[in-house]
Amino acid sequence: MLDKTLTIIIIFILMTIQAQTEQMMVPKKKPDLTNYDSDIIARMITTEAGGNEIKGYDQNEMAAMTWVVLNRVNKGSGFTLGEGSTPIEKVIMGKNQFEGVVKLKDRFDNPMKKHPIKYNLALNVAKKVLSGKLPDPTGGATFFNQRPVEGLKPIGSHYFKDFLD
């Protein structure tokens, strides 16, 4: 009887070890963070982009702002990175990288509270850019501001460039 019980226990242990080994061998699928990245980009745009609900919003400006973030991610250096789960979040949360994120923190944290139309439009634009449906209108810019810069064409109420002055 003892031999039979011991055999059953050994078989159970071996099956458990085999199952755990097989589970460890299956590659873990990375979660799709596109919606997460789209949301954080849209929240940044809600704090930065011009326009209003009466005159409307410039979707090209929103796309340009999204591309600035992606261009920084692709460039990989020259920017202060913050905490975050994705490279996009780290770029946006970098210390003093986007003035609206810092100065309009409540708008960034709660975009649906007072700016639902702007946020939803920005979210739609961010998703289109991230899915490759909107090209980069900035020519690779990694910065933008509202101060006119000679030789640069404005997009919306901002000027886009690949250098910091």
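The model is predicted: local features need pLDDT of at least 70, side-chain atom pairs count only at pLDDT 80 or more, and totals for chains, interfaces and linings use all residues. Residues are numbered from 1 along each chain as its sequence is written, and side-chain values use heavy atoms, with hydrogens and water left out.

**Overall make-up**

- The protein has eight helices and three strands, where helices (H or I, at least four residues) and strands (E, at least two) are DSSP runs numbered from the N terminus.
- Along the sequence, the elements follow the pattern α-α-α-α-α-α-α-α-β-β-β.
- Of the 165 residues in the protein, 37% are buried.
- Among contacts (heavy atoms within 4.5 Å) with a separation of 6 or more, 58% are between residues 24 or more positions apart.

**Helix α2**

- Helix α2 covers residues 34–48, and its 15 residues should span 21 Å at 1.5 Å a residue; the expected span is 1.5 Å times one less than the number of residues.
- The end C-alpha atoms of α2 are 21 Å apart, which agrees with that span.
- Eleven of the 15 residues of α2 are buried, so the helix is largely enclosed by the rest of the structure.

**F108 and its surroundings**

- F108 is found in helix α6 and is buried, with a relative accessible area of 3%.
- Leaving out residues up to four places away in sequence, F108 touches I40, R43, M44, T47, I92, M93 and V101.
- F108 and I45 are 63 residues apart in sequence, while their C-alpha atoms are 8.7 Å apart in space.

**Helices α3 and α8**

- Two packed helices are described by the angle between their axes and the distance between the axes.
- The axes of α3 (residues 59–75) and α8 (residues 116–130) come within 9 Å and cross at roughly 55 degrees; axes are lines fitted to C-alpha atoms, for helices over the stretch in contact, and angles run from 0 to 180 degrees between N-to-C directions.
- The two helices α3 and α8 are therefore oblique to each other, given that angles under 35 degrees count as roughly parallel, over 145 as roughly antiparallel, 65 to 115 as roughly perpendicular and the rest as oblique.
- Q59, M62, A63, T66, W67 and L70 in α3 meet K118, L121, A122, V125, A126, V129 and L130 in α8.

**Salt bridges**

- Side chains of opposite charge can pair when their charged atoms come close.
- There are four salt bridges, each being a side-chain nitrogen of Lys or Arg within 4 Å of a carboxyl oxygen of Asp or Glu.
- One of them joins the side chains of K103 and E99, at 2.8 Å from N to O.
- K103 and E99 are separated by about one helical turn because they are four residues apart in helix α5 (residues 99–103), and both are exposed.
- Another salt bridge joins D109 and K105, at 3.0 Å from N to O.
- D109 and K105 both lie in helix α6 (residues 105–109), four residues apart, about one turn of the helix.
- D109 is partly exposed at 37% relative accessibility, and K105 is partly exposed at 48%.
- K113 forms a salt bridge with D106, with the closest N and O atoms 3.4 Å apart.
- K113 is exposed, with a relative accessible area of 55%, whereas D106 is partly exposed at 44%.

Conventions
Buried < 20%, exposed > 50% of the residue type's maximum accessible area, 1.4 Å probe, protein only.
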